[in-house]
Amino acid sequence: MDMKLFGPVIHILLALVISPLLMGIINRTKAKFAGRKGQPLLQPYYDIIKLLRKGSVYSTTTTWVFRLGPVAGLSAMIIAILIIPSGGINSLLSFPCDFILMAYILGVARFLTVTAALDTGSPFEGMGASREMQFAILAEVVMFMGVAVLAVGTGKISLSSIYYTLWDSNFTNIAPAVFLVALSFLIVLLTENARIPVDDPNTHLELTMIHEVMVLDHGGVDLALIQYGSCLKLWLFSSLLAGMAIPVRTGIMIVDMGINTVGILLISVFVGIIESGMARLKLLHIPQMLLAAFSVTAAAFLWVLR
Amino acid sequence: MPGSSFIRTVNAEAVDFRDIPVMDFADFRESIIEEIRAGGRISAMPACPAEDGLLRIIAVLSLPVSGEILIGSTCINGSWPSITPDCTAAHWFEREIAEIHSVTPNGHPWLKPIRFQPPHDISLQEYSLQCGNAKFLGLDGEESHEVAVGPVHAGIIEPGHFRFLCHGETVYHLEISLGYQHRGIERAMKGGPGVRALHYMETLAGDTTIGHATAYCMAIEALSAISVPPRSLAIRAIAAELERIANHVGDLGALAGDVGFLPTMSYCGRIRGDVLNMTALLCGNRFGRGLVRPSGTAFNLDKNLIDELMLRLKSTEKDITSAVELMFDTPSVLSRFEGTGALSEETAREAGLVGVAARATGMNCDVRNEFPYGMYCFSQLHACTWNTGDCFARAYVRWLEIRSSIEFIRTQLLNLPDGPVSCKTAPISKEKITVSLVEGWRGEICHVAVTDKEGRFAFYKVVDPSFHNWFGLALALRNQQISDFPLCNKSFNLSYCGHDL
């Protein structure tokens, strides 16, 4: 196999195989902090396998829009994974301004999830959809601002080339800006993946949910696709964050990939620690937090322009 | 003179039913309004059929200032001018009477069933008997929507239907529709006390076993004019405070869980079990079933048990303190609690709230202080209050009460009176009425027992604190975020079965 393809293919395989483990790590970390033994690390795999063996029940008020949501959501997530680099290693799909495609592929996935939720006609799902869109709009702005900082700082315009040059010795002078972007990207990660302090993935209280409430009516195979999709999404954001936050590029592909993967796993531990140490924000305060993240990236932007 | 014709008595004392004055309705109405304005509370308002097809309404008012309980009555024929427009606290009671007896309080601002129970006289039935089948308030306009939750909920909780009238994420009004847990306990008590009576009381609201059993036993003891030995009073008080600690700890953990703060949630869940196990040490049942008996308690405490309880109390206190202080020291938790679901003291007083929810607004109401009974006559507990009336206050008052209860139990264990734990029972006297007030962990529990010519219950009325407080939850949610409802609901943590009976 062409060595150029070897790295990206391995990264995609890792994403497809390991991503459910991230959820397991988060849950285990939370259990440790709460003084519990916790569920098995592989529980997310067991859950997905169990759901795949179940049938699906569809409400008679729903249409094909409802059934489209999970399938399209997962496909979109896999396409997005093809675009992201793993640390300094190029992605399979790389072209100028590919991050715009990635952001809007995620947008398409969200749109289809939201329409599937609205299709049920349940007031809960409507509320969740409205909240999801409100916070996603703000998170998207932060994400684009962050990528703009990196693009201006490195002078490149595709994700792969940005990440490839990010920690070159020539670019250490933009390091403070990159760390600021990494900080705001962490907030985007928590928002996009419905984690505390934005959303509580473990709550049973429909009235407080954001993301979970939109998928309440899905079951069986559909729910398995949704859960797997959210694992991939977590991997995607963790990988982008790890590539930014770990200032090491050895140039040896296997080592770089190992470092990036360990970084992704450590981010899961870190997310678990955040979830154990703080309560959820009031819904009214979430836009404020995202605006704060935007301010941080704006400051980083000024740094790279100087 | 206001209240002049009302008969004055104290907590858990039997009075001749014939002495209860039957007043002119205008007098009756005026007296209630004035007593409530002067700081009294409506503790119960049962009604029973009188001669000539009339309905006799009995008002039980409690006056915290003097520690007296006023009982008065009036007879009505089919309808009466509602008391509610001049005394908001009466509104739930009037709705209850209207529902049970198919009579009408004219001018009641919001007359609808509270628990959809069939009227005593089915032929008079005017309301649909099906729970939740009622006219609900509506909201029109752009961006307005209604969210219906329940009666089947996502968590393992009791059934109840909630209807939110929302404008975007803001709640304009919450309508609560209960009745799904109605079992007809009061009707089953009529003609008693039968062999099941105590069991009904213990399971009437499962988490308040000691509270309701104590109120029932106090009523029976007053009716049969026996005084139980002090040692059993102390054991009852210890059990009541253990019940308070267990439930408050559970609530604090659940509050932490509702805002997604995991450590306190997990620890409190475990600690609640430890406290329940202490009750089990007392009597073999984690909820205290079978402990409180008319004439005393069914179990005694020996030296070894006291030492063991002291030991467990100490380690539990340490655990609770670290778990709860961690929560109150976390800024993100406080930011969720503070200012959420706030009620003013004025509103709480007007709506007639009791217990933790009332004390959180600054109301200094605690039956243990105001109408001392049992061991609380000899060993005073001060009422724990806070003044912000929000979720934080309701959480913090619970924490204050946990600490004062632990101290109280410790004192009692060290100074347990000697002697037996039960005395001889006596037959129940005829044609008497008695009111027993108990401070359960949620708030004021009121039992009213009336006996007939044979010494059986002519009727038995139970008022759980939830009966007073459900409407308080609806008020607390006005202009709040709908996403904060679970938090507000948990901070009240009211009983569905205690309300529905």
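1. Domain bounds are those of an automatic or database domain assignment. On that basis chain B is divided into domain 1 (7-124), domain 2 (144-177) and domain 3 (191-465). The C-alpha centres of domain 1 and domain 2 of chain B lie 30 Å apart.

2. The model is predicted: local features need pLDDT of at least 70 and side-chain atom pairs count only at pLDDT 80 or more, while totals for chains, interfaces and linings use all residues. Residues are numbered from 1 along each chain as its sequence is written, and chains are lettered from A and ligands numbered from 1 in the order in which they are written.

3. In chain B, 3 strands form an open antiparallel sheet in the order 10-11-12. Strands (E, at least two residues) and helices (H or I, at least four) are DSSP runs numbered from the N terminus, and two strands pair if DSSP finds at least two bridges between them. Strand 10 (144-149) and strand 12 (170-177) of chain B are the edges, each pairing on one side only. Strand 10 of chain B is joined to strand 11 (161-167) of chain B over 6 bridges in the antiparallel sense; B:E146 has B:L165 in strand 11 as its bridge partner.

4. The contact (C-beta atoms, placed from the backbone, within 7 Å) takes 24 residues from chain B and 23 residues from chain A. On the side of chain B that touches chain A, two or more residues each come from strand 10, helix 7 (262-283), helix 9 (331-337) and helix 15 (485-492) of chain B.

5. B:N479 is in the loop between helix 14 (465-476) and helix 15 of chain B, and B:N493 in the loop between helix 15 and helix 16 (496-500) of chain B. Are they buried or exposed? A residue is buried if 20 or more other C-beta atoms, placed from the backbone, lie within 10 Å of its own, exposed if 12 or fewer, and partly exposed in between. B:N479 has 10 such atoms within 10 Å and is therefore exposed, whereas B:N493 has 23 and is therefore buried.

6. In chain A, the peptide bond from A:I196 to A:P197 is cis, with omega near 10°. A:P197 lies in the loop between helix 7 (175-192) and helix 8 (220-245) of chain A.

Note on methods: Two residues are in contact if their C-beta atoms, placed from the backbone, lie within 7 Å.
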